[in-house]
Amino acid sequence: MSLTPPSLSEERLDRLARVAVKVGLNLQEGQDLILTAPISAAPLVRRIAAHAYRAGAGLVTPVYGDEEVVLARYQHAGDHSFDRATGWLFDGMAQAYKAGTARMAIVGDNPMLLSGQDPAKVARASRANAMAYKPAQAPIVNFDINWTIVAWPGMAWAQQVFPDLPPDEAQAALADAIFKASRIDGDDPVADWAAHSARLAERSAWLNGNRFAALQFTGPGTDLTVGLADGHEWHGGASTAKNGAECNANIPTEEVFTTPHALRVEGYVSATKPLSHQGSLIDGIRVKFEGGKITEAHATKGEDVLQKLIESDEGARRLGEVALVPHSSPISQSGLLFYNTLFDENAASHIALGQCYSKCFVGGADLSEEQVKARGGNSSIIHVDWMIGSGEVDVDGINADGSRVAVMRKGEWA
């Protein structure tokens with residue numbers, strides 16, 4: 001018996017599941033898979049499991065989350081609950097990843113689920129979870145294993161994106177947007193993804209060939225110079241994990257990205273899209289960097305959440321990623337605010353506060369944490385992307401001698 005909502009296409013869900021396994025993970029023969037998902041995404045999880053086993057998976061283990069259970073904690077739990085997390089679960093995941101298990105996350109929860117809850121408790125719970133998650137996060141940020149993220153059109157999420165539509169129509173509209181952004185509607189989605197990945201690789205190769213010392217973003221409310229880490233390397237599209245599997249970490253993806261130098265960011269920048277974080281919408285973000293560190297941070301909405309975010313730890317005030325996305329990307333041109341970083345970050349060039357990716361260094365697979373830090377890589381319990389690109393933002397590459405090369409003009413590749 002199918003549990004797929006009548007408004008969703010069984011065929012397109014199956015295509016998305018195939019892309020998730022073949023393109024997102026490139027699951028290997030005999031490889032196990034841990035899959036996390038909201039409970040409403042069970043129809044997609046089951047299709048992914050079927051495609052994974054057809055691809056030779058050893059064991060597929062789903063771990064479901066439930067929004068109602070999350071809310072019950074905030075409504076009824078004692079104060080002590082918000083400084084705890086399921087470290088035992090994350091320790092088990094870390095052991096599985098060390099043994100070669102692949103990782104897939106399905107996102108689809110209500111982005112505003114915690115908007116009515118005590119922000120101090122939300123921040124405490126988030127910090128506790130981030131600290132407990134570190135053993136399981138390390139194999140992912142170090143790209144030890146093949147991993148990917150895909151999306152399910154959760155009903156509450158859909159109503160947030162399409163508030164003027166009836167619930168079923170909103171879910172169908174969000175599903176359509178997810179399917180289009182995930183490039184699953186062509187005659188051969190796997191081949192389409194290979195071509196798309198090749199285009200992103202070309203952009204990365206051009207940037208790597210230039211070896212810029214820094215990037216400068218200029219536009220309304222923005223004049224930001226982002227120094228790039230020593231020995232940085234640009235990536236985009238498919239990448240090869242340390243276990244040898246070539247995978248696409250994000251379905252969809254439109255970005256090329258690398259690691260900034262944690263101590264070499266100067267100037268001010270204004271967000272071009274709102275940031276949905278911890279059940280709150282942070283809008284009108286404006287920050288100032290000095291010596292790589294945020295020294296001033298403001299927002300027209302959700303400033304208290306922003307302040308708690310950058311107080312997560314020392315690295316939370318510094319950058320761990322800078323990414324370039326053309327304003328003409330399909331997600332940008334949809335005109336939608338998804339309230340979900342997986343999509344919204346692929347609508348505009350962006351920066352990320354917090355943890356860097358060690359793979360974004362030449363020879364990154366062989367670097368220790370100390371070597372990553374010595375080259376300028378940032379360390380933090382958070383990694384939060386927010387958008388700074390638009391059709392009004394220019395990007396220049398700055399060489400070591402101070403000369404400049406146009407990288408983007410009015411949000412498009414120069």
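**Questions on a Predicted Protein Model**

Visitor: Among contacts in the protein between residues at least 6 apart in sequence, what percentage join residues at least 24 apart?
Guide: The model is a predicted one. The contacts considered here are those in the protein between residues at least 6 apart in sequence. The share of them joining residues at least 24 apart is 75%.

Visitor: How many helices and how many strands does the secondary structure of the protein have?
Guide: Both kinds of element occur in the protein. The secondary structure comes to twelve helices and 21 strands.

Visitor: What is the radius of gyration of the protein?
Guide: For 414 residues, the globule rule gives 22 Å. The value for the protein is close to this, so the protein is as compact as a globular protein of that length. The radius of gyration is 20 Å.

Visitor: What are the dimensions of the box that the C-alpha atoms of the protein fill, and what percentage of the residues count as buried?
Guide: Taken along the principal axes, the box filled by the C-alpha atoms is roughly 65 × 50 × 45 Å. Of the 414 residues, the share that count as buried is 55%.

Visitor: Which hand does the crossing of α1 and α2 have, and what classes of residue make the contact?
Guide: The crossing of α1 and α2 is right-handed. On the side of α1 the contact involves Glu10, Leu13, Asp14, Leu16, Ala17, Arg18, Ala20 and Val21, and on the side of α2 it involves Leu44, Arg47, Ile48, His51 and Ala52. Sorted by class, these residues are eight nonpolar, one polar and four charged.

Visitor: How are α1 and α7 oriented to each other?
Guide: Helix α7 covers residues 167-181, and its axis is 11 Å from that of α1. The two helices pack at an angle of about 40°. That angle makes α1, relative to α7, oblique.

Visitor: Which hand does the crossing of α1 and α7 have, and what classes of residue make the contact?
Guide: α1 passes α7 in a left-handed crossing. Arg12, Leu13 and Leu16 of α1 meet Asp176, Ile178, Phe179 and Lys180 of α7. By class, the contact has four nonpolar, no polar and three charged residues.

Visitor: Is alanine 136 buried or exposed?
Guide: Alanine 136 lies in helix α5, residues 119-141. Leaving aside neighbours within four places in sequence, alanine 136 is in contact with Phe90, Met93, Ala94 and Tyr97. With a relative accessibility of 0%, alanine 136 counts as buried.

Visitor: Is histidine 277 buried or exposed?
Guide: Histidine 277 belongs to strand β12, residues 275-277. Beyond its neighbours within four places in sequence, histidine 277 is in contact with Ile282, Val305, Leu309 and Val384. Its relative accessible area is 13%, and a residue under 20% counts as buried; histidine 277 is therefore buried.

Visitor: What is the C-alpha to C-alpha distance between cysteine 356 and leucine 8?
Guide: Cysteine 356 is in the loop between β17 (350-354) and α12 (369-374), and is buried at 2% relative accessible area. Not counting residues up to four places away in sequence, cysteine 356 touches Val141, Thr259, Gly320, Phe361, Val372, Gly377 and Asn378. Leucine 8 is 348 residues away from cysteine 356 in sequence, and their separation in space is 37 Å.

Visitor: Is lysine 410 buried or exposed?
Guide: Lysine 410 lies in the loop between β20 (404-409) and β21 (412-413). Its phi is near 55°, a positive value in a residue other than glycine. Since its relative accessibility is 55% and values over 50% count as exposed, lysine 410 is exposed.

Visitor: What is phi of phenylalanine 143 near?
Guide: Phenylalanine 143 is found in the loop between α5 and β4 (147-151). With a relative accessible area of 3%, phenylalanine 143 is buried. Its phi is positive, in a residue other than glycine, and is near 55°.

Methods
Residues numbered from 1 in each chain as written. Predicted model: local features only at pLDDT ≥ 70, side-chain atom pairs only at ≥ 80, totals over all residues. Heavy atoms only, no water. Left-handed = near helix turned anticlockwise from the far one by under 90°. Helix = DSSP H or I, 4+ residues; strand = E, 2+ residues; numbered from the N terminus. Contact = heavy atoms within 4.5 Å. Nonpolar A, V, L, I, M, F, W, Y, C, P; charged D, E, K, R; others polar. Rg over C-alpha atoms; globule rule 2.2 N^0.38 Å. Buried < 20%, exposed > 50% of the residue type's maximum accessible area, 1.4 Å probe, protein only. Axes fitted to C-alpha atoms, helices over the stretch in contact; angles between N-to-C directions. Parallel < 35°, antiparallel > 145°, perpendicular 65-115°, else oblique.
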